[in-house]
Amino acid sequence: MKRIISSLSAFILVLLTVLPFIPVASAGDYSHLKGTEINVYNWGEYISDGSEGSLDVNKEFEKETGIKVNYSMYETNEDMYNKIKGGGANYDVVIPSDYMIARMIDEGLLEKIDFSNIPNYSNILDEYKNLYFDPKNEYSVPYNVGMVGIIYNTKMVEGTPDSWSIMWDEKYKDEVLQFNNPRDAFGVAQKYLGISLNTTDSEEWHRAYDKLKEQKPLVSSYVMDDVFNKMEGGEAAIAAYYAGDYLTMVENNPDLAFFYPKEGTNIFVDSMCIPVGCQNKEAAELYINYMLRGDIALANAEYICYASPNRAVLENEEYSFVDNEILYPAEEDKPPTEYFHNLEPETLMLMTSLWDNLKIEGNDDKSIYIGLISFTVIAAGFAIFRTVRKRKRESMY
Amino acid sequence: MKRKDSLAQRLCASPHIVWSALFIVVPLIMVVYYAFTDKTGAFTLDNISRLSDYTTTFLRSIWYGIIATIICLVIAYPVAYIIARSKARVQSTMIMLVMIPMWMNFLLRTYSWMTLLADNGVINNLLAKIGAGPLHMINTAGAVILGMVYNFLPYMILPIYTVMTKLDNSLIEAAQDLGANKARVFIDVVVPHSISGVVSGITMVFVPSVSTFYISQKLGGGSFALIGDIIEMQFQISNNFNFGAALSLVLMILILICMTVMNRFGDNDESKGGVMI
């Protein structure tokens, strides 16, 4: 009897020590997904990837679940859209911005997400739920939030600017960087003019175009990711770009400063979605849920430097940007903001053709014609000279 | 006398033929199809009629291509001549030096020119050290043409060099025996002999220069577009494949015209060894 008791107590003891380590069958058992794969398609530089001592989020996911992550990147929403629309590739998780989500829902390119598989969705702040592009919260889970503002170099710019007008200031000729994508570039002009970003009035688009044309001689270059190098290296004085990226740049060049123009600006939400054609939906939902988990979301927020819609990040004491007035401006400092909406095909067409026109303008038009004509004359002269010489030679023999 | 190809010969050629059909002919047909249809697939000429707005862009691309090609030719011709006339060991080293930059990625090489030419870049820093004023180089047409010349120069040197090495020394000696001085030998023997190399060099520099978009974006700052940029925009941003295809089609035709004119200069010379279009 004694033996039984002692062995029983030993068993209990063992059980007590081991028990905490036995995984609790929580929000779903995913052991059957082990060995499968998911394809994740995200923006460049938009995940904590293990560089500079950060957490490698994808590797950690693979370790925890045994699901392989095939990760690839895009530079613009439109790139991603073309890839999905073309149907050439299968992705399980994509992270488009608001207006693109609206467009993809319209065109039936997104699957409904089963939110019962995403318990961590409760971490998302209420203000980022039921947004216009997904009013019933069926298709998207917010990942990052941001606003567009102006980055400037305090050594090159006098005073403390507060308006978009600085991008049209003749003083900074050849020192202004403008977005190299039509939507954002037109957005800058529209906000400066006080026009809605989503106007359907073609006359208003033309006014914004005239503004951009007026700005063109002042623009040093039209850039996207090159803005990092150019602003950090002091190549340009003023750039319109995303707030979060300013925080990355200022680490490398402390002379940089940032402000939200008083006229108002564009706000965006990038959300995780599951496109149609997804091959492993369960694993995709597991991945989305994982991205919302406190520790993972914190690692991403620290690495990407964009504002997080995740309560678990904002309430974490270790989060270094929690008091950052650029990412999380106080209510009274917030500029008026407007989301991009999905444009009607006609408006989209108008915008891109105006953008084309802006780009094909050059200041060397005359010299091209003169050059080409003189070249043709010289070439023709040479050809005649050769033929004449040849004839002469042939007649000699 | 024409001999029929044996079965073995035809079998050996078939992978290439299948490859060309799949990845050259079929895409070309698709380009033509897209150029003459709208989004719904109905026949339209709208894409073609819209092209007239882009005349200046087309001409600008061709003009920059011509300048880049001429500069390449002026640099490459003497280089190829000197390499071909030097000793075998020196030759292989020098050809190696021409090739080495091509081992690096094209995008990377162009990107590094951005840092070299920038207003606070390497070159301007060096100039400042010796007291010379800063030069504004980046985001100018000159920078774009420099990028073209730098990237495509090997394609000019190599074919000219190949032709030059085939020049029989006894031809030169014969000319000298007949009393030709050095300049005469060069003009009447070396130059005509090398025409086919020059023509293929011009083709290989001119075509990629005219259609480039990366160089103009990075070194031109995106402020003035070449036709390659416009085509890229149709596919990447505007999602307007049909108009993009129309632009590509016209670009191909223009290049073809330029090359046909070009080949007229070369085709009455009987020398061999170059690649002709």
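**Entry 1: domains of chain A**

I began with how chain A is divided: the domain assignment gives domain 1 as 28–144 + 271–342 and domain 2 as 146–267 + 347–360. I kept in mind throughout that this is a predicted model. I looked up the spacing next, and the C-alpha centres of domain 1 and domain 2 of chain A lie 27 Å apart. Then I checked how they touch: 17 residues of domain 1 of chain A are in contact with 22 residues of domain 2 of chain A. On the domain 1 side of that contact, strand 10 (residues 337–339) of chain A gives the most, with 3 residues. I also noted the classes for the side of domain 1 that touches domain 2: 10 nonpolar, 5 polar and 2 charged residues.

**Entry 2: a few loop residues in chain A**

I went to the loop between helix 10 (294–304) and helix 11 (311–314) of chain A, where A:A307 lies. Is A:A307 buried or exposed? I found 23 C-beta neighbours inside 10 Å, so A:A307 counts as buried; the cut-off for buried is 20 or more. Setting aside neighbours within four places in sequence, I listed what A:A307 is in contact with: A:N144, A:V145, A:G146, A:G244, A:L327 and A:Y328. I also checked A:A307 against A:Y143, which is 164 residues away along the chain, and their C-alpha atoms are separated by 9.2 Å.

A:C305 sits in the loop between helix 10 and helix 11 of chain A too. I stopped there for its backbone: A:C305 isn't a glycine, yet it has a positive phi of about 70 degrees. With 25 other C-beta atoms within 10 Å, A:C305 is buried.

I then looked up A:N137, which has a positive phi of about 50 degrees and is not a glycine either. A:N137 belongs to the loop between helix 4 (98–106) and strand 4 (140–153) of chain A. Its count is 15 C-beta neighbours inside 10 Å, so I put A:N137 down as partly exposed.

**Entry 3: chain B by itself**

Which residues of helix 11 of chain B are buried? I wrote down B:I227, B:G228, B:D229, B:I230, B:I231, B:M233 and B:Q234. That is 7 of the 10 residues of helix 11 (residues 227–236) of chain B, so this helix is largely enclosed by the rest of the structure.

**Entry 4: a helix pair inside chain B**

I picked out helix 8 (residues 169–177) and helix 9 (residues 182–211) of chain B, whose axes come within 10 Å and cross at roughly 140 degrees. That makes helix 8 of chain B oblique to helix 9 of chain B; I checked the cut-off, and roughly antiparallel needs an angle over 145. Helix 8 of chain B passes helix 9 of chain B in a right-handed crossing. I followed the contact itself: B:L171, B:I172, B:A175 and B:Q176 in helix 8 of chain B meet B:V185, B:D188 and B:V189 in helix 9 of chain B. By class, I have 5 nonpolar, 1 polar and 1 charged residues in this contact.

**Entry 5: where chain A meets chain B**

How many residues does each chain bring to the contact? I read off 25 residues from chain A and 25 residues from chain B. On the chain A side, the elements giving two or more residues are helix 3 (77–86), strand 6 (219–223), helix 12 (345–360) and helix 13 (365–396). Helix 13 of chain A gives the most, with 5 residues. I sorted the chain A side by class and got 7 nonpolar, 10 polar and 8 charged residues.

I finished on helix 13 of chain A and helix 3 (residues 55–85) of chain B, whose axes come within 10 Å and cross at roughly 55 degrees. The two helices are therefore oblique to each other, and the crossing is left-handed. I listed the residues that make this contact: A:D365, A:I368, A:G371, A:L372 and A:F375 of helix 13 of chain A, with B:T56, B:L59, B:R60, B:W63 and B:I66 of helix 3 of chain B. For this helix pair I noted 6 nonpolar, 2 polar and 2 charged residues.

How values were computed
Residues numbered from 1 in each chain as written. Chains lettered and ligands numbered in written order. Predicted model: local features only at pLDDT ≥ 70, side-chain atom pairs only at ≥ 80, totals over all residues. Contact = placed C-beta atoms within 7 Å. Helix = DSSP H or I, 4+ residues; strand = E, 2+ residues; numbered from the N terminus. Nonpolar A, V, L, I, M, F, W, Y, C, P; charged D, E, K, R; others polar. Axes fitted to C-alpha atoms, helices over the stretch in contact; angles between N-to-C directions. Parallel < 35°, antiparallel > 145°, perpendicular 65-115°, else oblique. Left-handed = near helix turned anticlockwise from the far one by under 90°. Domains from an automatic or database assignment. Buried ≥ 20, exposed ≤ 12 C-beta atoms within 10 Å, placed from the backbone.
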